[in-house]
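Welcome! Keep the 3D view open while you read.

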Amino acid sequence: MNLIESKLPKVGTTIFTTMGKLAYQYDAVNLSQGFPNFNADSKLLKLVQEAISEGYNQYAPMQGIYSLREIISEKIENLYGHSYNPENEITITASATQGIFTAISTFVKPNDEVIIFKPAYDCYEPAITLCGGVIVPIQLLDADFKIDWENFKAAITPKTKMVIINTPHNPTGTILSEQDMLKLQYILEDTNIILLSDEVYEHLVFDGKTHESAAKFQGLASRSILCASFGKTFHVTGWKMGYCAAPKELMLEFRKVHQYVVFCVNHPVQHGVAQYLKNPKNYIGLNTFYQQKRDYFLNAIQNSRFKISPCTGTYFQILDYSSITDENDISFAERLIKEYKIASIPISVFNLDNQDNKQLRFCFAKTEETLDKAAEILNRI
Ligand code: GLN
């Protein structure tokens, strides 16, 4: 018998699981997988508990409860000036990862090309491969990770079906500027290319910069599926809930797949989040909150031997260790866990051909106590 012909022969276990497990095993300060080590606002927790007590414990509507889609629509309109009809243009998903998987499965056919920028978050490529799509990777260079738009233009062919962008960007902590988005809009004009815009860190943008959502640009919004995450915004990554927004023609197709991937999403959590989202203060201050954490962390390690280029978004900071050792980043990251008891994520796993640029990613969504412990270790290396 030969039961298995793997559809993902090159895929192993995700780096987040690998590093997280090792961190646990060695009792290391865990700045690897991105998750806050503090609790969400007790008001939000209470709202979800109330929804459970009130009996919202059966299936939710397939597309998500209306009140949640309605408040999301208002939020997007207020922030980015684009109106999505809650009826047919917004769907609540079981995490952004599910939204991304569903979007790719909905639109990518065998031999369709999908352009992605490397380093790329690791859930895009397996989904493209499962659909028989062809990954067209563009490596972003060095410390600033800027997109060379001429390079991008040259990668477009008649087979290009989709482009995936991610701003603020995981793992690099960079953001796309208004100029970037305008260039993208201009290049995609007159094409039939769908834009998948992963914006899960939309509320984590620093230094007075603004998040440039694809929704802000009419020429992009009309061809985009926006993916967002409540886990990142409300410090509840374990709730695995987010949403997608897209023009109704795209959303209609998206829902055909969504209904058979999850059917619907956790019902009481939707009620809690819908209530909580009514107050914009519950997400508007997040930039300042995380900027303070970034600054606290970077200040504490400023005399270390790592080279620091402060991130402008997300809760991830890349540190360059080239002046410490020429070990490759995976073995260095493993050694840091085992010998120094600090866990990070090596960037090479997200790069084209696993290029090793001596960079590690550290998550600073942690209490000051944890950041102090981490800094004490990093300063010793
Ligand atoms: N988004 C998280 C990170 O980048 C990981 C989530 C996961 O483990 N799949 O660290």
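Let's begin at the surface: Asp 27 counts as exposed because its relative accessibility is 64%. For that word, exposed means over 50% relative accessible area, buried means under 20%, and partly exposed lies in between (1.4 Å probe, protein chains only). Please bear in mind that this is a predicted model, where local features need pLDDT of at least 70, side-chain atom pairs count only at pLDDT 80 or more, and totals for chains, interfaces and linings use all residues. Residues are numbered from 1 along each chain as its sequence is written, and side-chain values use heavy atoms, with hydrogens and water left out.

**Backbone angles**

- Asp 27 sits in the loop between α1 (15-25) and β1 (29-30); helices (H or I, at least four residues) and strands (E, at least two) are DSSP runs, numbered from the N terminus.
- Although Asp 27 is not a glycine, its phi is positive, at about 55°.
- Lys 240 also has a positive phi, near 50°, and is a residue other than glycine.
- You can find Lys 240 in the loop between α9 (230-233) and β8 (242-245), and it counts as partly exposed because its relative accessibility is 43%.
- What makes such angles worth a look? Most residues other than glycine have a negative phi, and most peptide bonds are trans.

**Cis peptide bonds**

- Lys 118 and Pro 119 are joined by a cis peptide bond, with omega about 0°.
- Pro 119 belongs to the loop between β3 (113-118) and α5 (124-130).
- Another cis peptide bond links Thr 167 to Pro 168, with omega about -15°.
- The loop that holds Pro 168 runs between β5 (160-166) and α7 (178-188).

**Two domains**

- The domain assignment of the chain gives domain 1 (15-40 + 284-378) and domain 2 (55-282); such bounds come from an automatic or database domain assignment.
- Between the C-alpha centres of domain 1 and domain 2 there are 25 Å.
- Where the domains meet, 30 residues from domain 1 and 33 residues from domain 2 take part in the contact, which means heavy atoms within 4.5 Å.

**The ligand**

- Around the ligand are Phe 16, Gln 33, Gly 34, Tyr 121, Asn 170, Tyr 201, Phe 316 and Arg 361; a residue is near a molecule if one of its heavy atoms lies within 4 Å of it.
- Because both domain 1 (15-40 + 284-378) and domain 2 (55-282) give residues to this shell, the ligand lies between them.
- The shell has 4 nonpolar, 3 polar and 1 charged residues.
- Gln 33 places a polar side-chain atom 2.7 Å from an oxygen atom of the ligand.
- Gly 34 has a backbone N or O atom 2.6 Å from an oxygen atom of the ligand.
- Asn 170 has a polar side-chain atom 2.8 Å from an oxygen atom of the ligand.
- On its own the ligand exposes 300 Å², and the protein buries 80% of that.

**A serine to visit**

- Is Ser 304 buried or exposed? Ser 304 counts as buried because its relative accessibility is 10%.
- Ser 304 lies in the loop between α13 (286-300) and β9 (307-308).
- The side chain of Ser 304 reaches the backbone oxygen of Ile 301 at 2.8 Å and the backbone nitrogen of Phe 306 at 3.3 Å.
- Not counting residues up to four places away in sequence, Ser 304 touches Leu 378 and Asn 379.

Key: Polar contact = N/O pair within 3.5 Å; in protein donor to acceptor, adjacent residues only side chain to side chain. Areas by Shrake-Rupley, 256 points an atom, 1.4 Å probe, with all protein chains shown as cover. Nonpolar A, V, L, I, M, F, W, Y, C, P; charged D, E, K, R; others polar.
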